[in-house]
Amino acid sequence: MTSYLQNRWVDGLVLLSSLAVLAGVVGAVWRLLNPVISARIPKKSELLLHLQHELKTNPSMLRASDLFAGRVPHASIEVLLRTIGDPPSAAELSLRKDLDHLFGLLQKVAFAVTVSKFLTQGEAECFSWYFREIQKHPILSDYFYSSGFLDLWDFAQSWAEKIEMDP
């Protein structure tokens, strides 16, 4: 019986020692990787600045923004996204790609607010004009449904509802 108790006591010491070594190894790995991991995760301000910079300097985004604001006299969102009628011209296809690029960026904002909760809606307020504009074009709901931008449509819808509730 004494031999059995001694073996259990030794087993307990071995287990305790193993856990201590494992904790030390995990701690050392964490200390080594933490700076690398922290450097790869953007800060909120960096993300917002990057997205705003993209909106203000990327020619594709600027063309899409002009289209949204109605400053493109020869094109409208409704004409660009129509599914029946004449096939789109090369210029219309180019503008449609610009819109998709803009929608992709806005989808990132919507994801950062609703899914990852990385940003709050207040922090994303600088993009509110785009989300309000999306709601002005009902044809976008069908286009978003067929193009995979449903999260963006839902987010723009919730933004519009929030504005209606907070006059």
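Select Leu13 to begin: with a relative accessibility of 38%, this residue counts as partly exposed (buried is under 20% relative accessible area, exposed over 50%, and partly exposed in between, with a 1.4 Å probe and protein chains only). The model is predicted, so local features need pLDDT of at least 70 and side-chain atom pairs count only at pLDDT 80 or more, while totals for chains, interfaces and linings use all residues. Residues are numbered from 1 along each chain as its sequence is written, and side-chain values use heavy atoms, with hydrogens and water left out.

Leu13 belongs to helix α1 (residues 2–40); helices are DSSP runs of H or I with at least four residues, numbered from the N terminus.

Next, select helix α7 (residues 139–147), whose buried residues are Leu140, Tyr143 and Phe144. Viewed down the axis of α7, the buried residues fall within an arc of 100°, so they line one face of the helix; the arc is taken from the directions from the helix axis to the C-beta atoms. Asp142, Tyr145 and Ser146 are exposed on the other side of α7. Just after this helix, Gly148 has a positive phi of about 90°.

Now turn to the aromatic rings, of which the whole structure holds 10 pairs. Rings of Phe, Tyr and Trp (its six-membered ring) pair if their centres lie within 6.5 Å; planes under 30 degrees apart count as stacked, over 60 as edge-to-face and the rest as tilted. Select Phe103 and Phe144, an edge-to-face pair with 4.8 Å centre to centre and 85° between the planes. Phe103 lies in helix α5 (residues 90–114) and Phe144 in helix α7, so the pair ties together parts that are 41 residues apart in sequence. Phe103 is buried at 0% relative accessibility, and Phe144 is buried with a relative accessible area of 0%.

Then select Trp129 and Tyr130: their ring centres are 4.9 Å apart and their planes stand at 85°, so this pair is edge-to-face. Trp129 is partly exposed at 30% relative accessibility, whereas Tyr130 is buried at 12%.

To finish, select Phe68, Phe103, Trp129, Tyr130, Tyr143, Phe144, Phe149 and Trp153, which form one aromatic cluster.

Technical notes: Helices (H or I, at least four residues) and strands (E, at least two) are DSSP runs, numbered from the N terminus.
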